[in-house]
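Hi everyone, thanks for coming. Let me put today's structure on the screen, and then I'll walk you through it.

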Amino acid sequence: MFCVAYKYPGCVKAPGFFMPVLYLPVMKHHFLVAKLFLLPLTFFAQDTVKPYLLVKTTGQLPFLEYGLGDDRLGGAKLTYLDTSVLLKVTDSSGGDYKVQLSKYHSAYVAKSNVLQVTDKQMRPWYLSSSWRVYGNDQYDFVNIGMEERLPYRSVQQINPARIVVDIFGVTSNTNWITQLHSVKEIKNAWYEQIEDDVLRVFIELKHKQHWGYLIAYDSTGKKLVIRVKRQPEKLKPSQLVVAIDAGHGGSNAGADGLTSKALEKDYTLKFAKELQQYLHRKGVRTIMTRETDVDMSMPDRTLFLRAADPSILISLHLNSAGNPNVKGTSTYYRYIGFRPLTQAVLERMLQLGLNEYGNVGNFNFSLSGPTEYPNCLVEIAFLSNAEDEQRILDPKFHRSVAKQIYRGIRDWLKNIK
Ligand SMILES: [Zn+2]
């Protein structure tokens with residue numbers, strides 16, 4: 001039901017069997033140790049026996065997945081992780097390792113996203129220490145003292161707007177949270193030890209709208225840093241830097257037209273350029289992921305955007321379905337805090353007389369994955385539907401779409417209190 005695949009390389013899953021071999025020698029060792037010292041097995045389980053493989057994340061954009069599910073865009077992602085984050089591997093399946101995040105939580109990671117660690121063992125627990133909540137001239141920060149680079153995940157909550165981060169394998173020894181006057185977006189920061197080895201961090205925002213955040217360890221690995229984006233002082237389009245992503249490109253042509261055989265990659269670029277020009281006329285700064293017919297991988301786009309640090313991202317694609325009667329326009333988001341932008345853009349797109357295909361949440365499109373800025377994927381219309389295809393080929397329609405997306409952004413800003 002969609003334009004061509006966006007899966008990351010290296011996360012293809014084979015329906016393999018879990019390998020119990022990892023456990024066998026370990027269990028033997030367990031009993032041997034227990035018999036020798038006539039002490040409870042549990043005493044040794046944490047201190048001397050290592051019934052797992054220790055790995056650390058590597059590569060550009062390592063991520064965890066909830067399970068072994070798979071679809072056209074890959075399985076549902078739990079979180080992106082920083083590099084060199086320690087993970088305990090307890091099992092293996094095809095191209096993935098199962099990793100134990102805490103006593104009651106596990107996840108999966110692509111084997112290509114980790115390296116084996118042989119020079120250290122995981123301690124049975126780690127402690128958090130003091131926090132510092134402060135701002136510089138651009139962002140707010142929550143720095144959390146840590147003993148090791150451990151895995152985490154985050155969710156956005158709305159009403160009230162909060163960033164909630166779970167850090168796995170950590171028990172609190174945080175008795176000091178310094179909060180400085182320099183913060184502009186963070187209203188409150190606190191924690192709760194929700195399980196013995198899961199520390200939940202709450203960051204309450206001053207504004208209703210989420211503007212994004214980035215979680216990473218500092219260079220020492222002794223601080224987990226949550227960098228929070230601030231709301232612009234004036235809520236006008238001219239205060240934003242809008243990133244525009246023209247889907248596909250180069251050898252990745254995307255979908256093609258029902259009768260015209262027009263390629264998605266060519267038309268997403270036409271729509272993107274039209275939007276760029278329209279935004280410039282309105283005094284809005286823009287960033288383009290591509291301006292010509294070039295190959296650009298999804299990780300490359302993601303990293304380019306991370307470095308460019310836009311206020312928002314608009315990704316442009318054209319849809320395609322096996323059934324030629326399916327038509328209409330749709331917008332997509334991954335995180336609930338970014339939904340309002342996608343709703344505002346869809347509302348304006350529907351004024352063009354397009355069929356409503358819908359507003360889609362929890363979507364696992366790669367460029368919906370970053371948490372750093374609000375983002376909106378627009379599947380403008382269906383290349384596989386005759387009526388939609390005629391519109392897509394019409395330059396007047398390109399201009400109308402640009403105008404409506406601009407209006408959607410403007411409406412979204414107006415609705416932010
Ligand atoms: Zn596409």
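First, two notes on the source. This is a predicted model, where local features need pLDDT of at least 70, side-chain atom pairs count only at pLDDT 80 or more, and totals for chains, interfaces and linings use all residues. Residues are numbered from 1 along each chain as its sequence is written.

The protein has seven helices and 24 strands. Helices (H or I, at least four residues) and strands (E, at least two) are DSSP runs, numbered from the N terminus. Of its 417 residues, 41% count as buried. Buried means that 20 or more other C-beta atoms lie within 10 Å of a residue's own; exposed means 12 or fewer, partly exposed is in between, and the C-beta atoms are placed from the backbone. Now contacts: two residues are in contact if their C-beta atoms, placed from the backbone, lie within 7 Å. Among contacts between residues at least 6 apart in sequence, 72% join residues at least 24 apart.

Four strands make an open sheet in the order 11-12-16-15, with antiparallel pairing; two strands pair if DSSP finds at least two bridges between them. Strand 11 (152-157) and strand 15 (186-195) are at the edges with a single partner strand each, so one side of each has no neighbour in the sheet. Strand 15 is joined to strand 16 (residues 198-205) by eight bridges, and E195 sits opposite V198 in strand 16.

On to the cores. A nonpolar core here is a set of buried Ala, Val, Leu, Ile, Met, Phe, Trp, Tyr and Cys residues joined through C-beta atoms within 7 Å. The largest one has 47 residues, and I314, V378 and I405 have the most contacts inside it. Which helix gives the most to this core? That is helix 7, with seven residues. V378 touches, among others, I314, V345, M349 and I405, leaving out residues up to four places away in sequence. Apart from this core lies another, of 45 residues, with L81, L86, L101 and A189 among them.

Helix 7 deserves a slide of its own. This helix has 21 residues and spans 31 Å from its first C-alpha to its last, close to the 30 Å expected at 1.5 Å a residue; the expected span is 1.5 Å times one less than the number of residues. Its buried residues include F397, V401, I405 and W412. Among the elements covering them are helix 3, strand 21 and helix 6 (386-393).

Finally, some backbone details. Most residues other than glycine have a negative phi, and most peptide bonds are trans. The bond from N159 to P160, though, is cis, with omega near 5°, and P160 is in the loop between strand 11 and strand 12 (162-168). S84 has a positive phi, near 65°, and lies in the loop between strand 3 (77-80) and strand 4 (86-93). Is N362 buried or exposed? N362 is exposed, with 11 other C-beta atoms within 10 Å, and its phi is also positive, near 50°. You'll find N362 in the loop between strand 23 (356-360) and strand 24.

That's the tour, and I'm happy to go back to any view.
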